[in-house]
Amino acid sequence: MSVPVRVAVDRTRCIGAGQCALTAPDVFAQDDDGFGTVRPGRAEAAGPMLREAARVCPVGAVTVRDAAAEPPGV
Ligand code: SF4
């Protein structure tokens with residue numbers, strides 16, 4: 001069973017490598033400029049590939065945090 005996590009992309013770091021969208025395409029996408037984004041409604045998600053998406057980002061722009069460890073809205 002996967003634990004829900006909160007995912008985010010830091011656009012100030014992103015270089016548009018696209019690894020996040022390739023690794024977990026149900027959660028991450030690339031915008032028209034090629035920058036990584038979190039798909040609408042998917043900021044809190046679960047799945048084994050989310051931590052992998054953070055791991056493969058070459059610039060560390062993807063963060064994955066334990067959703068249960070933070071109050072809603074943070
Ligand atoms: S893997 Fe990292 S650098 Fe590449 S699009 Fe995603 S956030 Fe940006």
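The legends below describe close-up views of a predicted model.

Residues are numbered from 1 along each chain, in the order in which its sequence is written. Because the model is predicted, local features need pLDDT of at least 70 and side-chain atom pairs count only at pLDDT 80 or more, whereas totals for chains, interfaces and linings use all residues.

View 1. Cys14 belongs to the loop that lies between strand E1 (5–9) and helix H1 (19–23). Helices (H or I, at least four residues) and strands (E, at least two) are DSSP runs numbered from the N terminus. Cys14 is buried because 23 other C-beta atoms lie within 10 Å. The term buried requires 20 or more other C-beta atoms within 10 Å of the residue's own, exposed means 12 or fewer, and partly exposed lies in between; C-beta atoms are placed from the backbone. Leaving out residues up to four places away in sequence, Cys14 touches Val9, Phe35, Gly36, Val59 and Ala61. Such a contact requires C-beta atoms, placed from the backbone, within 7 Å. Cys14 and Val62 are 48 residues apart in sequence, yet 8.4 Å apart in space, C-alpha to C-alpha.

**View 2. The largest nonpolar core.** This core has 16 residues, and Cys20, Leu50, Ala53 and Val62 have the most contacts inside it. E1, H1 and helix H2 (49–56) each supply at least two of its residues. A nonpolar core is a set of buried Ala, Val, Leu, Ile, Met, Phe, Trp, Tyr and Cys residues joined through C-beta atoms within 7 Å. In soluble globular proteins, nonpolar side chains tend to be buried together.

**View 3. The buried face of helix H2.** Leu50, Ala53 and Ala54 are buried in H2. Seen down the helix axis, the buried residues of H2 fall within an arc of 95°, so they line one face of the helix. The arc is that of the directions from the helix axis to the C-beta atoms. These buried residues pack against E1, H1, strand E2 (28–30), strand E4 (44–45) and strand E5 (62–66). Ala53, leaving aside its neighbours within four places in sequence, is in contact with Cys20, Thr23, Ala24, Phe28 and Val62.

**View 4. The open sheet.** Three strands form an open sheet in the order E4-E1-E5, with antiparallel pairing. E4 and E5 are the edge strands, each pairing on one side only. Two strands pair if DSSP finds at least two bridges between them. E1 pairs with E4 over 2 bridges, and E1 pairs with E5 over 5 bridges. Val5 has Ala45 in E4 as its bridge partner, while Val9 has Val62 in E5.

Terms used
Two residues are in contact if their C-beta atoms, placed from the backbone, lie within 7 Å.
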